[in-house]
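Please look over the sequence and the structure shown here. The report below walks through them part by part.

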Amino acid sequence: MAIRPLSFGIRFKDNRTGSGGRTIRVNAHESDPKRYVLEVLKDGRSKRREHASLSWALRDFASAWRNRLN
């Protein structure tokens, strides 16, 4: 069984007319591969949040993606 953490990354991009575009990414942390980073890019601004596990990063990702509708 592998000891290394899972290498994982996702990116969703929304370019609807009038929204200015939004990109949401989840990637492994650069210095600690057991942690994950969620990055939300909207209208040229970036918000970055770190999570201790992939499950929390995915929950935050789903929440951020649903928030694009509001």
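In which strand is Arg22 found? Arg22 is found in strand β2. This residue returns further on.

## Ground rules

This is a predicted model: local features need pLDDT of at least 70, side-chain atom pairs count only at pLDDT 80 or more, and totals for chains, interfaces and linings use all residues. Residues are numbered from 1 along each chain as its sequence is written, and side-chain values use heavy atoms, with hydrogens and water left out.

## Overall layout

The protein has 1 helix and 4 strands. Helices (H or I, at least four residues) and strands (E, at least two) are DSSP runs, numbered from the N terminus. Starting at the N terminus, the order of elements is β-β-β-β-α.

The protein has 70 residues, and 24% of them count as buried. Buried means under 20% relative accessible area, exposed means over 50%, and partly exposed is in between (1.4 Å probe, protein chains only). Now take the contacts with a separation of 6 or more: 24% of them come from residues 24 or more positions apart. Contact means heavy atoms within 4.5 Å.

## Strand pairing

Two strands pair if DSSP finds at least two bridges between them. Strand β2 (residues 22-28) runs antiparallel to β3, and 7 bridges join them. Here Val26 stands opposite Leu38 in β3.

Strand β3 (residues 36-42) is also joined to strand β4 (residues 45-51) by 7 bridges, and these two run antiparallel. Glu39 has Arg48 in β4 as its bridge partner. Val37 has Glu50 in β4 as its bridge partner. β3 and β4 form a hairpin, with 2 residues between them. In the turn, Asp43 has a positive phi of about 55°.

## The nonpolar core

In soluble globular proteins, nonpolar side chains tend to be buried together. A nonpolar core is a set of buried Ala, Val, Leu, Ile, Met, Phe, Trp, Tyr and Cys residues joined through side-chain atoms within 4.5 Å. The largest one here has 9 residues: Ile24, Val26, Tyr36, Leu38, Val40, Ala57, Phe61, Ala64 and Trp65. β2, β3 and α1 each supply at least two residues of this core. The largest share, 4 residues, comes from α1.

Which residues does Phe61 touch, not counting residues up to four places away in sequence? Phe61 touches Ile10, Phe12, Ile24, Val26 and Leu38.

## Phe12 in strand β1

Phe12 is found in strand β1 (residues 9-14). Phe12 counts as partly exposed because its relative accessibility is 36%. Not counting residues up to four places away in sequence, Phe12 touches Arg22, Thr23, Ile24, Phe61 and Trp65. Phe12 and Trp65 are 53 residues apart along the chain, but their C-alpha atoms are separated by 8.2 Å.

Thr23 is found in strand β2. Thr23 counts as buried because its relative accessible area is 10%. Not counting residues up to four places away in sequence, Thr23 touches Arg11, Phe12, Lys13, Glu39, Val40 and Leu41.

Back to Arg22. Is Arg22 buried or exposed? Arg22 is buried, because its relative accessible area is 12%. Leaving aside neighbours within four places in sequence, its contacts include Phe12, Val40, Ala64 and Asn67.

## The largest pocket

A pocket is found on a 1 Å grid over the protein atoms alone: it is an open set of points where a 1.4 Å probe fits, with protein on both sides within 12 Å along at least five of seven lines. Lining residues have an atom within 4 Å of a point. The largest pocket holds about 210 Å³ of space. Its lining residues include Arg22, Val40, Arg49, Asp60 and Asn67. β3, β4 and α1 (54-67) each supply at least two residues of the lining.

Asp60 lies in helix α1. Asp60 is buried, because its relative accessible area is 14%. Leaving aside neighbours within four places in sequence, Asp60 is in contact with Leu38, Arg49 and His51. Asp60 and Glu50 are 10 residues apart in sequence and 10.0 Å apart in space, C-alpha to C-alpha.

Terms used:
Grid points are joined across faces, edges and corners, and a volume is the space filled by probe spheres set on the points.
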